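Subject: Structure handover

Hello,

Here is the structure for you to take over. Please open it alongside this note.

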Amino acid sequence: MKIIGLCGSARKKSYNRAVLQYIKENHKENIELEILDLTTLPMYNQDLESDLPKEVIEYVEKLKQADGFVIITPEYNYSIPALLKNALDWGSRSREAVFDSKPACLMSASLSIFGGARVQYHLRQVLVCLNVITMNKPEVFISKASEKIDENGNITDAYTKEKVLGAFHTFINGIKKES
Ligand SMILES: Cc1cc2nc3c(=O)[nH]c(=O)nc-3n(C[C@H](O)[C@H](O)[C@H](O)COP(=O)(O)O)c2cc1C
């Protein structure tokens, strides 16, 4: 099974990418989790579709191979960062329906006490359009991220570690049951 990880932050010391990396390094499932770099994608422009940039072709190919997605993102102004929305828009334009009927697990980390709750509900709405099947529960909202993840991207909070790995394992088990 191949799971693709998408992160909505381009920041070098991103808390959200740190969480994705933690899952990649610590999960106990017999699966491959590959984290894609979304920063190489150009800003979506329909004019580019007649001669797709190689970064887009490679990205879409990765999405095609995916059995599911883990999407971990910050909240920007109560919504989806442009980096992530751009990546979803590019993927949505592939004729091969790279998202269609595939499962996704969503998580968010933010500095606020809400932990990115608002972005996740916006994201769920967009993923309905792509016919991605999002896991409803458990939900993972990492609030006050700077108190739980250090400067080097290490999660220092035991509850957060347990919560993210628990949600990921529930997600993978759910996929296994369906297949
Ligand atoms: C443009 C912008 C908008 C933001 N809007 C929100 C917001 O609506 N809600 C929130 O909880 N945090 C918001 N933040 C703060 C983020 O939670 C914080 O920058 C966080 O560290 C981003 O995640 P990252 O560390 O993965 O980059 C915003 C940050 C930026 C740069």
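Below is what was found in it, part by part.

This is a predicted model: local features need pLDDT of at least 70, side-chain atom pairs count only at pLDDT 80 or more, and totals for chains, interfaces and linings use all residues. Residues are numbered from 1 along each chain as its sequence is written, and side-chain values use heavy atoms, with hydrogens and water left out.

**Cores**

A nonpolar core here is a set of buried Ala, Val, Leu, Ile, Met, Phe, Trp, Tyr and Cys residues joined through side-chain atoms within 4.5 Å. Buried means under 20% relative accessible area, exposed means over 50%, and partly exposed is in between (1.4 Å probe, protein chains only). Helices (H or I, at least four residues) and strands (E, at least two) are DSSP runs, numbered from the N terminus.

The largest nonpolar core has 28 residues. I3, V19, I23, M107, V164, F168 and F171 touch the most other members. Two or more residues each come from β1 (2–7), α1 (15–26), β3 (68–73), β4 (103–109), β6 and α5 (158–178). Helix α5 gives the largest share, seven residues. There is also a second, separate core of 26 residues, which includes L84, F99, A104 and L106. In soluble globular proteins, nonpolar side chains tend to be buried together.

Take I3 as a way in. Contact means heavy atoms within 4.5 Å. Neighbours within four places in sequence aside, I3 is in contact with residues including I31, L33, F69, V70, F171, I172 and I175.

**Helix α5**

Helix α5 has 21 residues, and at 1.5 Å a residue it should span 30 Å. The expected span is 1.5 Å times one less than the number of residues. The end C-alpha atoms of α5 are 30 Å apart, which agrees. Its buried residues are T160, V164, L165, A167, F168, H169, F171, I172 and I175. Their cover includes β1, α1, β2 (32–35), β3, β4 and β6.

**Helix α4**

The buried residues of α4 are A117, V119, Q120, L123, R124 and L127. Seen down the helix axis, they fall within an arc of 150 degrees, so they line one face of α4. That arc is taken from the directions from the helix axis to the C-beta atoms. On the other side of α4, Q125, V128 and C129 are exposed. The cover over the buried residues of α4 includes β3, α3 (82–92), β4, β5 (133–134) and β6. Just after α4, N131 takes a positive phi of about 55 degrees.

**Rings and charges**

Rings of Phe, Tyr and Trp (its six-membered ring) pair if their centres lie within 6.5 Å; planes under 30 degrees apart count as stacked, over 60 as edge-to-face and the rest as tilted. The structure holds three aromatic pairs. One of them joins Y121 and F141: the ring centres are 6.4 Å apart and the planes are at 55 degrees, so the pair is tilted. Y121 lies in α4 (residues 117–129) and F141 in β6 (residues 140–142), so this pair ties together parts that are 20 residues apart in sequence. Y121 is partly exposed, at 44% relative accessible area. F141 is partly exposed too, at 29%.

A charge sits over a ring if NZ of Lys or CZ of Arg is within 6 Å of the ring centre and within 35 degrees of the ring normal. The charged end of R118 sits over the ring of Y78, 3.8 Å from its centre. R11 lies over the face of Y15, at 5.1 Å from the ring centre.

**Loops**

A145 is buried, with a relative accessible area of 0%.

Most residues other than glycine have a negative phi, and most peptide bonds are trans.

- Y78, in the loop between β3 and α3, has a positive phi of about 70 degrees. Y78 is exposed, at 53% relative accessible area.
- A97, in the loop between α3 and β4, has a phi near 45 degrees. A97 is partly exposed, at 42%.

Best wishes
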